[in-house]
Amino acid sequence: MTDSPDTIAARFAGSLGSFTLDVAFTAPMQGLTALFGASGSGKTTILRCIAGLARLPGRLSVGGEVWQDDRIFRFTHERPIGYVFQEASLFPHLSVRDNLRYGQRRAARAGAQPTISESDTVAFLGLDRMLERAPATLSGGERQRVAIGRALLSQARVLLMDEPLAALDLNSKEEILPYLEALHERLAIPMLYVSHDLSEVQRLADTIVLLEKGRVIATGPLSDVLTDVNLPSARRPDASAMLDAEVGEFDARYALTHVSVSGGNLLVPGRIGEPGSHRRVRVAAADVSLVAERPSATTISNVLPARIVEMRPLDDAQVNVVLQLGQDGAGARLLARVTRRSAEMLSLAPGQQVFAQVKAVSMLRRRAAAKTTPPVARRATAKSRGWLP
Amino acid sequence: MLDWGELWPPIRLTLELAAATTVLLLLVGTPIAWWLARSRARWKEAVAAVVALPLVLPPTVLGFYLLLFLGPRGPGGDVAELFGLRTFAFTFTGLLFGSVLFSMPFVVQPIRNAFEAFGERPLEVAATLRASRWDAFWSVAVPLARPGFLTGAVLGFAHTVGEFGVVLMIGGNIPGRTRTLSVAIFDYVNTLRWTEAHIIAGGMVVFSFVVILAMFVLEKRFSRLRG
């Protein structure tokens, strides 16, 4: 493992009580990396090790700075992190304003460069009306917003989030998610996000570290990992592929929006957004069927040429098929779930050119991370304009 | 027949003793309470038991050992010699030492409970917000444990005011020096001076009531503040 200014490199191996962890992974110093796994997979322990709240033998470097190795162990308060806990854990004896300032003051005393201002944070998270209030008088969602603001204002270089939505009811979750999406879009610092909820990860993550029983079973860009048929995530009933889409023209006559993904175009009901803007699209494996020839008459408007990359039986009846869109099979990856019977009837095989019929497409609200922008440029622009546009 | 001038010295001495004991106990008891609340050492409950011993130990037993310890032939006597004294027994210092030991559990226990009540989380949060352990102790732990400090201080003070057995054993009954209120009552009753005994006893009932009431009211305010 090398120390690069562009990555977080972590390796931890050891036991905490009866739990054994043995992980090594790298995450980019930008965008949102999800630590995803069932409860007991060790994701929170990893986050606590990165924060220095727990200590396991290993090595950790963040943006080229070593925070832990055989000789070095930086204490939590010496690490420029922001940590959002599952429960907001606001200080009950301090007002919202003093909670926000708690880390900010100490970061300033430690000589941290102020990158995020209090007024920006308050405006962004919509906290201006509650600054003088006591945490006990806030709703669950409001508390978590304050906790996010408090973590940001400690001038964090990495934002660590431990299932920040898990303790909230559905309404509060819907209240917080847009903030997380906007945060992800505007924030120049990387986020590590622990979750056991696939839909959260699909919505927010760029990179994913897949964990099982204290081990990393896969890591990489979200779209690659989610369409890897050898991983348990592709075996779930809700297995889906995530695609980056650019919004095109709106067809007012049929109220459909054209969106383009790598290797094809899709029609989506309704007006989606400004032409040229980017969105993330989810296509469930169960909503994709395959045909050998382009059908002449079908009610399914999204029929895309694609090439079969890989096939793997799911159970006795079904097969998972990985596709790459486009005539040349160089586009985005898609997952299709077909019956074994159909696969044999069409004699599907890797390398074969087919047509994918996409029955349903869900648009996720957040715009996908602009993959074309190199990381340095992205960080530089984020820095030059502050963290808000 | 009633001599008000004679009542004042024991009142003053008692208040001085109780105030000094409370201050000392907050200084000494807080680190002990913190350690008992946070340590994972296996023998910490043994330490806790020693601290709590005065709760069940007859005061005269504690007083007896303290007398030996602080007397001219005990280690306390050796320390006293450094200050040009023969002994700490029958002195204010001796009284103070005994009171601190005897009232220790009344101060340590509420503070320890308060430290334990909020758990590790607020301290972890403080650390992620760049507060050192020392900083977090003062800016988070102490404010959160405020009700415990209040209860501990009030109980420590009141308990010292009412202490009799230990005081009599190591302090004796020297007017103006070691004669506290509770010893004075005992003395007045022995000499059949009922009026003086009534005044002091009644005064202490009122005092105790006011103290406990004030504590309840303040605690309620704290908890309301926190919701």
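**Entry 1: domains of chain A**

Domain bounds come from an automatic or database domain assignment. I looked these up for chain A and found domain 1 at 7-237 and domain 2 at 240-364. Their C-alpha centres lie 33 Å apart.

I note that this is a predicted model, in which local features need pLDDT of at least 70, side-chain atom pairs count only at pLDDT 80 or more, and totals for chains, interfaces and linings use all residues. Residues are numbered from 1 along each chain as its sequence is written, and chains are lettered from A and ligands numbered from 1 in the order in which they are written.

I sorted the residues by class: Ala, Val, Leu, Ile, Met, Phe, Trp, Tyr, Cys and Pro count as nonpolar, Asp, Glu, Lys and Arg as charged, and the others, Gly among them, as polar.

**Entry 2: chain A against chain B**

I found 21 residues of chain A and 15 residues of chain B in the contact between the chains. On the chain B side, α6 (121-128) and α7 (133-144) of chain B give two or more residues each. α6(B) gives the most, with 6 residues. By class, the chain B side has 8 nonpolar, 3 polar and 4 charged residues.

**Entry 3: helix pair in chain A**

I took axes as lines fitted to C-alpha atoms, for helices over the stretch in contact, with angles from 0 to 180 degrees between N-to-C directions. Helix α2 (residues 96-109) and helix α4 (residues 140-153) of chain A pack at about 30°, their axes 7 Å apart. α2(A) and α4(A) are therefore roughly parallel to each other (angles under 35 degrees). Among the residues that meet are A:Val96 and A:Leu100 in α2(A) and A:Val146 and A:Leu153 in α4(A). I counted 5 nonpolar, 4 polar and 1 charged residues in this contact.

How values were computed:
Two residues are in contact if their C-beta atoms, placed from the backbone, lie within 7 Å. Helices (H or I, at least four residues) and strands (E, at least two) are DSSP runs, numbered from the N terminus. Angles under 35 degrees count as roughly parallel, over 145 as roughly antiparallel, 65 to 115 as roughly perpendicular and the rest as oblique.
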